[in-house]
Amino acid sequence: MQGKIHNRDTFLGSLAKKLGRELNTQGVERPSLPHRPHHDVMADFNQQQLADVFLEYTKNNLGSLGVSCNKDELHETLTSICTGFNAGKIVVSGDRRLAELQVTNHLKLQFGDVYTWDTDQAHDINIKQAEQAKVGIVFAEQALAESGTMVLHSAATHGRSVSLLPETSVFLIPQSKIVPRMTQATKRLHDKAQAGERLPSCVNFISGPSSTADIELIKVIGVHGPIHAAYVVIADM
Amino acid sequence: MSMKTSDVIFKQRIKEQMQDGFMRKSVANAQERMFTNRQLAADKLGNWDEWRENGMEIRNHVLDNLDYYLHQLSENVQKTGGHVFFAETAQQATDYIENIIKEKDAKKVVKSKSMVTEEIGLNEVIQRNNCEVIETDLGEYILQVDDCDPPSHIVVPALHKNREQIRGVFEDKIGYKGSSDPEEMTRFVREHIRHDFIEADIGITGCNFAVAESGSISLVTNEGNARLATSLPKVHIAVMGMERIVPTFEELDIMVSLLCRSAVGLPLTGYVTAITGPRESNDMDGAEEFHLVILDNGRSDILASEFKDILRCIRCAACVNTCPAYRHIGGQSYGSIYSGPIGAVLSPLLGGYDDFQDLPYACSLCQGCNDVCPVKIPLSDLILKHREKMVIKKITPLAERLTVSAFNYLNASPKLWNMSMKIGGKVAPKVIKDGKLPINVGAVAEWTEARDLPQPDGESFRSWFANRDNDTTSVTGIVKAKVKANKSEK
C-alpha cells in the first residue's frame with residue numbers, strides 16, 4: 001500500500017522560490033567527496049586483525065563481553081554466557097542461521113525455557129515472550145571493528161524486540177562478516193537502495209548495551225535497552 | 001515548551017544563573033570533559049579536517065538541492081507505505097499530529113529526545129487532547145517530571161542539575177525512595193516507565209538525518225528509548241527539520257561519524273537506527289503506520305539569507321562545549337531551547353529578534369566555535385552578522401545608538417576628535433574617584449561592577465604620545481635622552 005504525501009507542491013514550490021530558481025526534482029548528481037579518509041581505515045587488515053580490533057574495542061570501551069570461538073565450541077560458549085547472566089527465560093531470533101547452528105535446540109536442553117521468535121504467533125505473544133526473557137540471542141549481518149558495533153537487519157523472523165527487551169543481548173557474528181567501519185555497512189544498504197530494493201524496516205547499529213550520562217555526566221550502563229551485551233565471534237565461519 | 005523558555009529579561013536571567021554555584025561548576029566540568037573527548041576522538045582519526053571538509057561539502061550540496069532531495073525522500077517514504085506531511089509552519093505540523101492523535105483516540109504518547117518537537121511546542125498540543133506524553137530520554141524525563149524545567153544543553157539537557165536535586169525531584173514527583181546514586185536512579189526510571197512503551201498508542205521521534213535514496217530516517221541515540229518508541233507503539237511519527245537530510249547511505253556514514261565524535265567523542269553512539277517506513281507486512285514488531293513530518297518553520301527564509309551556513313548544523317553541541325560565554329552563564333540563561341553559539345545564531349532566526357535579540361551578544365567573538373564545528377560553520381561570523389543586522393534595523397538600545405552616533409561624529413573630524421580627547425583627559429581625573437564614576441550608566445556601569453576604572457593623569461593618550469620623548473620619567477624618554485647624550489659625547 002502506498003502512503004500519502006500532503007502539501008508537497010506548495011512547500012517545494014515556495015522552497016525553490018527561496019532558492020531563487022524553478023523547482024527541480026530531477027537530474028541532480030551527488031558530488032564526489034574531496035577526501036576519502038573513511039576508505040583508508042584498516043584498509044589492509046585481514047579478518048583476524050579485524051576481529052582482534054573488534055574484540056579489543058568491545059572489551060575496553062563498551063563494557064561488553066567479547067569472545068571468539070569455533071563453530072564446534074559455540075554451544076559450550078553460549079551455555080557459559082547464559083549461565084553467567086543467570087538466564088531464566090531465553091528468547092532466540094527466528095533467524096534460520098541460528099537454527100542451522102542448532103542454537104535453540106541446544107539451549108532448550110540446557111535451560112528449558114527458550115522461546116523462538118515465531119511469525120505464526122500473534123504480535124502480542126511475541127512481544128510478551130521477549131519482554132519476559134532475561135536473554136535475547138540474535139545473529140548479526142555485519143560487525144564494525146572500529147566501533148565494536150553489531151549490524152542487525154529486521155525481518156519477519158528477526159524481531160527488533162529480541163535485542164531490545166531482554167536485559168542481556170547476545171550477538172553472534174561470523175568472523176568473515178567483520179568489516180572495518182560503517183563505510184562498508186552503509187555501502188551495502190546503498191547498493192540495495194540503488195537496486196530499487198526496499199530496505200529492512202529497521203536497521204540497527206548497536207555498540208554495547210544501552211547507556212546514559214544524563215546525570216552529572218556519569219556513565220551508567222543499562223537504561224531503557226539491554227543492560228548487558230555479549231559478542232560471540234565465530235572464528236571459522 | 002516552545003523555543004522560548006523564559007520571560008525574564010536576559011540580563012536578569014544571567015544574574016540569577018550566575019548565582020548558581022553548582023550549575024557553574026557542573027558546566028565547566030562538563031565542558032572540559034566533552035571538549036577533551038571530542039578532541040581525542042578527532043585526533044585519533046588523524047585527518048579530522050578532511051572529514052570536516054567532506055561534511056561541509058555534503059551539507060552544502062544538500063542545501064543547494066534541497067527541493068530535489070526532499071522530493072526524492074517523500075517519493076521513497078510513500079513507496080514503503082509511509083505518509084509524508086510537508087509543514088510550512090509549526091502550526092501546520094502540530095495540527096497534522098493532533099489530527100492523528102484524535103483519529104487514533106490516542107491516550108498515551110512516548111517520545112524520544114527531539115529538539116524540533118520542542119521548537120514547535122508539540123507536548124502542549126498532545127496534552128490538550130487528554131493524551132499523556134512521556135519524554136523517555138532520561139535527561140528530558142528529569143526535566144519533564146520537574147514541572148518542565150527548561151533544558152540547558154542540546155545533548156545533555158539536565159546538565160544544570162546535580163544528583164541530589166534529581167533525587168529530590170524523583171522523590172517528590174514519582175515516589176522514588178532510593179539514594180542519589182545515578183545508577184540506582186536510572187534503573188528506577190527504567191522500571192518506572194517500561195510499561196509506558198508497551199501501552200503507548202504512538203511513538204514520536206525526531207530525525208538526525210533522513211536518507212533520500214531509501215526514504216529512511218536515522219536516529220542517533222544511546223539509551224534504547226528511541227528503539228522502544230519506534231518498535232512497540234502501532235504508530236510512529238517522526239518530525240524533522242527540512243534540512244536534516246543526506247542523499248544516500250554513503251553520506252550518512254560521513255555525517256554520523258562526524259556527529260558521534262563531535263557530540264560524545266565516540267566513533268558511534270550506542271544505537272544508530274535507520275527506520276524505513278512502517279513495518280513490512282509480515283514483520284511482527286515495529287509501527288504499523290509511519291508518518292514523516294517535514295518542517296520548514298522559517299528554515300527556507302534562512303536558506304535564502306546570509307545566514308544559510310547555519311543550516312549545515314547537525315546539532316552535535318561541539319560549539320556549546322567550547323564556548324567561554326556558555327561556560328559562565330550556563331544554558332538556561334539563553335532563554336531558548338538552543339543555547340551556546342548555535343543558539344545565539346539560530347534562536348533569533350527561528351524565533352525573531354523580539355525575543356532573542358540579546359543572544360548574539362552572549363559571545364566574546366573568540367572564534368573557538370568555528371574551529372570545532374564538524375561542518376565548518378563560521379558561527380562567530382554569523383553572530384557578528386546578527387549584530388550588524390540589528391544595528392541596521394535599529395533594534396539596538398537607543399542609548400547605544402546615540403553613543404555610537406556621537407563617536408562616529410567626533411571620529412570623523414580630526415580637530416573635533418583631538419579637542420574632545422583633550423577635554424576628556426582633563427575632565428576624567430576630576431570625576432573618577434577610586435576607580436568609579438559618580439553616575440554609573442549603561443556599559444560603564446556594567447564594566448565597573450566588577451572592575452575599577454584606571455586613574456587618569458589629566459592627559460590624553462595622543463598628547464602623551466607626542467611628548468613622550470621629552471618625558472624624562474618615561475622609559476622611551478630616558479632611552480632617547482641617553483642615545484642623544486652619547487651621540488653628542490662622540
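Two strands are said to pair if DSSP finds at least two bridges between them, and strands (E, at least two residues), like helices (H or I, at least four), are DSSP runs numbered from the N terminus. In this predicted model, strand 10 of chain A and strand 9 (residues 271–276) of chain B pair in the antiparallel sense over five bridges, and within that pairing V203(A) has A274(B) as its bridge partner.

The pairing belongs to a wider contact (heavy atoms within 4.5 Å), to which chain A gives 93 residues and chain B gives 112 residues. The size of an interface is often given as the accessible area lost when the parts come together. Here chain A and chain B bury about 8,600 Å² between them, 57% of it on carbon and sulfur atoms, where buried area is the accessible area (1.4 Å probe) lost on being put together, summed over both parts.

Nine salt bridges are counted between chain A and chain B, each being a side-chain nitrogen of Lys or Arg within 4 Å of a carboxyl oxygen of Asp or Glu. R8(A) and E75(B) form a salt bridge, with their closest N and O atoms 2.8 Å apart. The elements of chain A that each supply at least two residues to the side touching chain B include helix 1 (8–18), helix 8 (182–194) and strand 10 (202–206).

As for confidence, the model scores ipTM 0.97 and pTM 0.92. Residues are numbered from 1 along each chain as its sequence is written, and chains are lettered from A and ligands numbered from 1 in the order in which they are written.

Notes
Predicted model: local features only at pLDDT ≥ 70, side-chain atom pairs only at ≥ 80, totals over all residues. Heavy atoms only, no water. Buried area = accessible area lost by both parts, 1.4 Å probe.
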